[in-house]
Amino acid sequence: MIMFAMFCMITNNLIAQTVPITGTVLSDDGTPLAGVTVLIGGTNKAVVTDNAGKFSISASANALLQFSYVGFATQKIKASPGMVVHLVKDESHQMEDVVVTAMGVKKERKALGYSVTEINAGELMKNKNTNLVNSLNGKVPGVNITQFSGSAGAGASITIRGGNSTSDSRQNQPLFVIDGIIYDNSTTVSGNTGTDGLSRSNTTYSNRIMDVNPEDIENLSVLKGAAAAALYGSRAADGVIIITTKKGSEGNVKVNVSSKISTSWANKLPDAQKEFGNGSYSSNGVFNNNTYASNPLSGTTLLMYNSWGQKITSDSIYDNIGSFFQHGTIYDNNVSVSGGSKNGSFYLSGSNFNQTGIVPSTGFKKTTFRFNGEQKYGNLTVNANAAYSNANTDRTLTTAGLYAGGGGGAMGGVYSFPQVFNMKNYINADGSQHRIYAGTVALENDIDNPYWIVNMDNLTSQTRRFTGGINATYKLTNWWDVIGRVGYDQYNTNDYTYIAPGSAVSPLYQNGRLSKNLVDYTYVTTTVMSNFHKSFGDFDTHLMLGTTSEKTDVTNQNHWGYNFITANSINFNNIATANQFFKDGLTRKRLVGAYGEVGLSYKDIAYITATGRNDWTSTLPVNNSSYFYPSISGSFVFTSLLPKNSILSFGKVRGSWAQVGKDANPYATLTYLNSPITIGAFNGVGNQYTSGNPILLPEIQKSWEVGAELRFLNGRIGLDYTYYHSETSNQIAQPRLSNASGYIFKSINSGSVLNTGMEISVTGKPIVKKDFGWDVTLNWSYNKGRLGTFLPGVSYFYPTDAQFGTVKAASIPNGGYFLGMTGTTFFRELDANKVEMPNGRYQVDPNSGLYRVNTGVPTVPIVGNREPDFIGGLSNNLRYKRFLLSFLLDFRKGGAIYNGTEYAMITNGLDKKTLLNDRQSVTVSGVNYLTGADFSQTYTAGQTYTINGTNVAGTYMIQQYWLNYAANSMNFIQSVNWVKLRSLSLTYDFGGIIKSKKIVKDLTATAVGTNLFTWTNYKGMDPEVSAAGGTGGSGSTGIDYLGVPAVASFTFGVNVTF
Amino acid sequence: MRTSKYIILGCLLAVGATSCKKWLDVNTDPSSPNNGSAAIQNRLPWIEHFYQYTSGVANYRAAAQSGVYYSTNGSNGNQLSTTWNVNTGNTTPYQTWFVEVASNLNDLYNTAQKQNAYHYMAAADVFHALGFMEMLDLYGEMPYTQALTQNPSPGYDDGKTIYNGCMAKLNEAISLFSKAQDATVPSLVAGDLWNGGSVDKWTKLCWGLKARYMLKLSKKADLYNADSILYCLSKGPQSIADNIVGPGLNNSTVTDYLIGDPVVTNGNFDYVAYGSTQRITQYYIDKLTNMRGSGVIDPRMTKIVPASMANVKLDASGRISSYTWLRAIGVDVHGTATRLVKGGSASINSVTFATKNTNIAYKIANATDRANFINDQTTYGRTFSVSNDTVTVTYPVGSNYINSANYLYAGDTVYVNVRSSALATSGIAAQGPTDVSWYQSTAAFNAGVVASTGSFQIRPVSDQEILTYHEMCFIKAEVYMRKNDMANALIAYKAGIQAHMDMMQAKLTSWQAAGYTATNPDMAPMKTADISAYMASAAVAQGNVTMSDIMLQKYLAMGCSIENWNDMRRFNYSVGNVGSFGVVYPGFQRSPLFAGTALYTGSGTSDPRYWPRRWSLPNTLELNYNISNALALNPHATDANIWSMPIWWDCATDAEYNGYLSK
C-alpha cells in the first residue's frame, strides 16, 4: 500500500507541469550567499542555496520566487532559468530567518523566546560521520558529545545543557524527531552476564541514531531548553533535535552521487616499558614467572602475565600493542535522485557504508534507503517518507573479560600482554589456543590471547530498521489548517555472541558457547493538530491545538547454550537440549498527550507565546498518570524602537519559563519475582532485588532562560547569548539504597538535579569579497550540574555501569557534583583535631610499610568532577574562488579524567612509570599513622625488611609500592584541557570548469582530515573518553579504561550532480 | 445540524476516554509474575533455601573468627581468621539476608494471613527471628522496626529492641503453629523444604531458638533466667530425630541470581568449601586429637579433617595404582605460627596436579634452611639435585605439588584444604553427582587422584544444621553448671557428645547407602566401637566436668557455626574472667600476625575491646546510603574500632551498652 502510494507520487511528479529553475543568489557586493531560502510564492515549498549561492527548484513558469536571508531584504522575483539575484542588506528585516521549532512548526527566529540552534546539510557534511551525533561536536553551544570508543560501530552520547536524571536506567539524551516522527536513539545493551557473559563494559554498543544516513539530512534544529521542547511532552525534558530530511524540488530530475574513501588510524597508544620481562617477586624475594596466583590488587590478573620480572637481556621484545592495531578503511557511497513538479516532489536515496576497524576483524557496515515524497491535491498536501537501514557491526570484546571467563577481554589483554612474548602466536598447529602457561594454569584461570578473541570468537550485531510516516495537511482557509500524521519506527537488533571452544572461560563453556539475542522495537504514533492564524491590525495571533498518541512495544528474546557436540558446527541443534536456554520479555508503554499553543505579537517588536500540554502515561500509577505542564516565552526586538544605526543593527532580548513532566520507565510500579528455583521436590519463588513503587509521581523539570541576540556592523558580527537554569525535582530513580529495605534498588521519587549554564555564540564575517570570504563562528558554553537534596543519609548515587579501576562514577547529593567520581585515596596526616590536613603528608601503615589507603571507611573520598569548566568550538570557512577551506577546532577546559588505562598498566607492570630508579629502589615517606611519627623508608632490591613480624624482600616491596601507588585514585586523575583540530576540509568546486551543464551539473572534490591534532595536557591516550558507553544517569564520561583508542582519519570524496 | 455534530463528537470523546484508559493499562509486565501473585507454598522453600546462604556465609566467617578455619581469602576470610585487620564491612550476610530472604517475609505473612494459613504465617515469624537475631549477633544495630517497609531510609534500632522483637515473633509463631489450618488452605507440607510440614518440629524449633537466644543473656544478671531456658529446652528438640536441618543436594548446576552460587547445595559448602582458600586450624584439629590433653584421637577426626592422596603411582594407562592418604595438618594461626610468620598471613599455597614429571628449582640462600629442605626431600623420598644454593626437586607425574619456586611454600601440601566439588562447581563433566571429592584438575580426576576429601559439615550434600539436639544438650549442660548442678551438667554434656556422634553416624550411614563412599572413605560411618571407646576415654570428662570441657565439646560439635563465636564472646574468649569458670577457651589468642591495632583498641586481654565483638556494617550496602540514621543511633558506627564494641547481649547491663553507644 505504501509502495503503491509512493509509486503514484513519483508518477504524478513526472507528469506535473513545471520547469526547472536554477539560479545564483549573491549579496549586493557580489559574494555568493549560502543558505538563502528560496520559496515558491503561494506554496510552502522551498529550497536553500548551496555554498556557491546556487539553487535549483521546480516551479511553474510564472511563479514568483521569494528570496529571504538573514540581514537582507526579502525579495520576490519572477522565476526564470539561470536567474541571478542580488539581495540588498536591510537592517529592518535583519532577523527574518525561519527556524524549525517544536512539532515542526516554522517560526521566525525573532519571535522565539528561547534559544534554538540550526545546522544545515553543508555544515553537517563538512566532517561527515556515520554517527550523526559525532558531527555535532563543537558546533552547538550547550551540547556535549562523548564518543564511546574508537572502534567501528561505537556509539556516542549527547547531552544538552547537562543531564537531568540521576538514575542508571534513565536517559539524559535529547529526543530525536525526524520529519515529525519521534526516532529512537537508545543504546541497547542487549548483553547479559547470565546469558552471553556480556555487560556494558565488555564491548561497544551503537546508539540507534546511527541508522540515519547523514546525507539525507537537509536541516537539523536543536531545541535546547524545556520551553522550546515543552510541546513534545514527557520525553522532551532533555531537549529535542528536529531533523528535516531532503525533499525534491521542482524541475529536472537531479541525480547526486557522492563517493568517499577514508583511512583511519589509532590516534595515540599507551607506551609500554620494554625493560622488564614477565613474572613477579614473592614476598621472600624469590622470582616466579610460572606461579598461578592472583594479583592482590586486581584479583583477576595472573602474576606470571605481569611484567614485574627480570631485566630483559635478549633482543626478543615484541611491540604487542603497536602491532595489534591496524589501519581502518571506509568506503562510503551515496546516490540520490530527486525531482518534482508543481504539485509534487520526490527524493530517493541509497547509501552504502563499509568500515573496517582499527582492531583486526572488526567493522561496521550500513546500507540505507530513503524515499520522501510530497503530493498536493488542491488544499490537501500529503507527505510520505520511508526509510530502511541495515547496520552490521563486528564487535570486539573490550575492557572486561566475559563473565565467568579469565582475562580482560581483547583490549584488556592487549594492554597487559608481556612484551617478551609474541602475542601474534595465538594458535597451535592442532587449532587449540596457544597458551604460554598451558601446563601450569587451568584453562578457566588463564587469559585469552587477544588475537584468539578477535579471530576465533565472533561477536556481531545486526540492526534492521524501517521508519515511515505519512503527513497530511489540509488548508481549510488561509488562516486555518489541519494536520494529521502517522509515524512508525520499527527495528530489530540481532546480537550474536559465539565463544569458541578452547577459550579461557568457565569449564562449563570450554567446549563453546553460543548466544543469540533479539530486541524488537516498535513505535507507532499518531498526531492530529490544527493551526489558526489571524491578524488584527498591528496584532498577530496564532493558536495551535493538537493531540498525540504513542505506543511503544519492545520484545526481547534470548537463546543461549553451550557445549557443541559435533566440532565446527556452530548452532543450537548441535547442543544437547539440557544445555539450551531461553528467556523473553515484553516492555510496553503507552502515552496520550493533548497540547496547545497560543501566541500574540505586536508589529515586529514584541512576541509572546504560551504552551500547555497534558500527558496521560501508562508508566505511572493510575492516580498519578495525568499531568499538565505549561510554558511561556517572549521576545522583544528593542532595535525596532531605536533609530536605525549601522553599529547595533539588530537587538533582541528574550526569556522563557517552562515546566516539563517526565514519566517513569515501564513496570516501575510493581515488584517482580525471580525465575523459580527447584530444590528437590520444591519450587521456590522470591522477589527480585528491585522494588517497585506503587505511588510514583512524575518527575518535574522547571526551567527558565534569558538571552539576547545582537547584530553589529550590518550583520558582520552577531552575538547570541543565553543563561539558563533548570531544576528537575521529584527525580524518579532506582538508586542503590539501604539493603535493610529488603532491596538493592528501589523505585523512588526523591531529590533534584540542578543545572545552570551559559551559552555564547559569536559569528563573524571578517572578509566578504567577491573571490574571497571568511566566515567564523565561535561557540562557547558551560554547564554546572549539581545533585540537589536527596534522601537523608544517602551519600552517593552510583550508576552501576561505570565502575572501573578504583573509581566509580557518582552523583553526590546535597549540592555535590552531578558528574562526580568517588575513589580510593591515601589518608593524609591528621591535625590536632584529628582531621586530615588537605595537603598534609601521606599516612603510612607500619603493618604494610606502605601508604595507608582510604578505601571508603568511614567515608568514600570524592575524587573529581568530570564536568568541564567550559567547552566550545571555533568553526572557520574560507572561500577563495572555487576553493572552500573549512576547519573546526573544538576545545575544552577542565573536567577530571581518570586514566584507568595507566592504572591497569601500572598494576601489571607494563607502564613506563614503573621504571623509576630502574626498579632498584622506592621510598615511602610520610607519617606513621599509629604513632604519628615521621616515617621514611627506602626499599632497595636485594635487601630484606621486617614488616609486621614478617621478612620481606626489597624486590617485593618495590612491586608492592606500585600496587599501592595504583590504589590512590588521585594518581590517575587529571583536570584535562584540550584543543582538537576536529576537522579540516578542502573542497574544490569544478562547476566553472564544466562547460556543458547538460549532463554533469555540478562536481566537487573534497579532502577531509579529522582529529588530526590534539593539543592537550592529558597524559593518557585520548582525552575524549567514556569507558562503558554509559548514557544513563551520570554515565561513564571521563573514565578512560582499556578502550579501543580514538582514531584520526583522512577522507577523500567526490560529489557529482547530474 | 450543528448540535448533532457536537453530540456525535461528544460521544466519540466519551468512547475514546474509556478505551483510552484501557489502552493505557499496560504497566504490568506480562512476561513475569509479580509479588502479588506468588503462592505461599512456593515462597516458603525460597526463604528456607536462601536463609541457608545467609546462615552459610555467617557460619563461615564467624568460624574463621572463632578459630575453626584458617583462610587465605584476602578480601575477608584471612583478615577474620589471622590478622583481624578487616577494613570493610561484611556485605554478603547482610545482603543475602535482607535482599534474598527478608524481602519475602512480609509478602509471605500477608498472603498467608489473607488465607488464614497460620502455619505459613508462623514460618514467616520464625525466619524473622532467625535472620534478625543473626544480624544482631553480627552487626549489633541496624534498621529493624522500619526495615522491610516502603521507607527508603529506614531508621536504626538498638540491640535490645531487635532482640525483644525476635523473641516476640517466636512467641507468636508458637501460638500460630498451635492453631489448626483449614483443609482448603495450602498445607505446610506443600512448601516445607526443611521439616516436611511437621508442625511438631517447627514448634520444637521455636522453643529451641528461644533457649539459644535466652542463653545469650548469660552476662546479664537481671535477664538471665536458667529455669526459663530449661523450660524451653524441655519443649525443644528431644532427640536427633528432632534436628532441624536444611538439605544439601548435588543434582543441578543452577546458580543463584544474586551471588552466583550453586542453588541446591548446602549453604556452608557454598562459602567454605567452594574454593581452595579454607583450611582447618591447628587450634580446632587439636580438639579432635588431644581433647583435655588426652591424646585420644576422636573418631570424628577423619570425618572432619580432610585428606588428600600422596605418594601416588600411576599405572600404564595413567590411572592411580597406589597411594597413601595424607591427613591434613592444621594451620597454626594462634600459636607460634612459624609457617605463616615466614611466608605471610595469606601465603599458604594450594596444590597443582603434575601431569608429567615436573622439576622445580628452589634457590635457597640460607644454608640452614637449605639443609633442612634437602633433609625433607630425602625424608619424603623425592628425587632432587643440588647445585650451589639451588635445589631442584622432581615431582613425579600424578602428584599434587606446590607450583612455586619459593621453597617456603614447597611443604604446603600438608595443609589440605577443605574443598569439595559439586556438579555446579567442579568443571569436570565426568565427575558424577555421588563423587564430591575435590580433584585439582580434569587430568587429576582422570587419573583418580583426590586433592581433598572435604569435611563433614561443609560438603555440597551435607545437612545444614539449623538447630540440633546436641546444641540443646550443651546449652542444658552450661545452664546446669551455671546453676551449680554438676551432676545434671555432666549428664547433659555427655548426652551432647553422644547426640553429635549419633547425628554424624546417621548422616554417614546415609551417605554410604547413597554411594558416596565409593570414592571417598571419609564419608563412611565411624566404627561403633571407636565411639564407645572415645566416650569412655580421658577425652571426655567422666566426672568433675568443667565449663571448658562443655564449651570445647560444643565448639568441636558446632564447628562451622556462628554459635561458637557467640559463645566465645559470652566467655570473653580465653580471659577466664566470667564467673568462676576459669579459662574456657585455653590457647585462643591473637595470632603473631595480628594487625588489627586500630580495630581492637583494648589495652589488655581483660579489656572487652581487646577482642572481636562485632562486624562493622557494610559500607556499600548500608552506610553509604543510610549514614545519618546509622550515626544517629551509634555515633561510632563508622569508627575503625567498631569491631571491638560489644553488642547489647554481650554487655552486663543496658547502661554499659548505652555507654558504648553514646558520643
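Are A:Glu1024 and A:Arg982 buried or exposed? Both A:Glu1024 and A:Arg982 are buried, where buried stands for under 20% relative accessible area, exposed for over 50%, and partly exposed for what lies in between (1.4 Å probe, protein chains only).

Before going further, a word on the model. This is a predicted model, in which local features need pLDDT of at least 70 and side-chain atom pairs count only at pLDDT 80 or more, while totals for chains, interfaces and linings use all residues. Residues are numbered from 1 along each chain as its sequence is written, chains are lettered from A and ligands numbered from 1 in the order in which they are written, and side-chain values use heavy atoms, leaving out hydrogens and water.

## Salt bridges

Let us stay with that opening pair. A:Glu1024 and A:Arg982 form a salt bridge with their closest N and O atoms 3.2 Å apart; the term covers a side-chain nitrogen of Lys or Arg within 4 Å of a carboxyl oxygen of Asp or Glu. Helices (H or I, at least four residues) and strands (E, at least two) are DSSP runs, numbered from the N terminus. The two residues also belong to a salt-bridge network that links A:Asp890, A:Lys980, A:Arg982, A:Asp1022 and A:Glu1024.

Over all chains, a search of the whole structure finds 59 salt bridges. The table lists three of them.

| Pair | N to O distance |
|---|---|
| A:Glu1024 and A:Arg982 | 3.2 Å |
| A:Lys260 and A:Glu215 | 3.3 Å |
| B:Lys160 and B:Asp654 | 2.5 Å |

The side chains of A:Lys260 and A:Glu215 meet in a salt bridge. This pair links distant parts of the chain, 45 residues apart: A:Lys260 is in strand 17 (residues 251-266) of chain A, and A:Glu215 is in the loop between strand 14 (181-183) and strand 15 (217-223) of chain A. A:Glu215 has a relative accessible area of 9%, so this residue counts as buried.

In chain B, a salt bridge joins B:Lys160 and B:Asp654. Here the partners are 494 residues apart, with B:Lys160 in helix 7 (residues 159-177) of chain B and B:Asp654 in helix 23 (residues 654-661) of chain B. Both ends are partly exposed: B:Lys160 has a relative accessible area of 31%, and B:Asp654 has 27%.

## Where chain A touches chain B

How many residues of chain A are in contact with chain B? There are 83 of them, in contact with 79 residues of chain B, with contact meaning heavy atoms within 4.5 Å. About 6,400 Å² is buried between the two chains, and carbon and sulfur atoms give 57% of that area. Buried area here is the accessible area (1.4 Å probe) that two parts lose on being put together, summed over both. On the side of chain A, A:Ile679, A:Phe682 and A:Asn739 lose the most area to chain B, together 10% of what that side buries.

The count of salt bridges between chain A and chain B is 0. The interface does have 23 residue pairs in polar contact, both residues being at pLDDT 80 or more. A polar contact is a pair of N or O atoms within 3.5 Å; within protein, one must be able to donate a hydrogen and the other to accept it, and residues adjacent in sequence count only if both atoms are side-chain atoms. Among the elements giving two or more residues to the side of chain A that touches chain B are strand 27 (539-562), strand 28 and strand 29 (606-617) of chain A. Strand 28 of chain A provides the largest share, 8 residues.

A:Ile632 is partly exposed at a relative accessible area of 39%, and A:Phe636 is partly exposed at 31%. Leaving aside neighbours within four places in sequence, A:Phe636 is in contact with residues including A:Ile605, A:Leu641 and A:Val653.

## Positive phi

Most residues other than glycine have a negative phi. A:Tyr667 has a positive phi, near 70°, and is buried at 10% relative accessible area. A:Asn1011, in strand 60 of chain A, has a positive phi near 50° and counts as buried at 9% relative accessibility.
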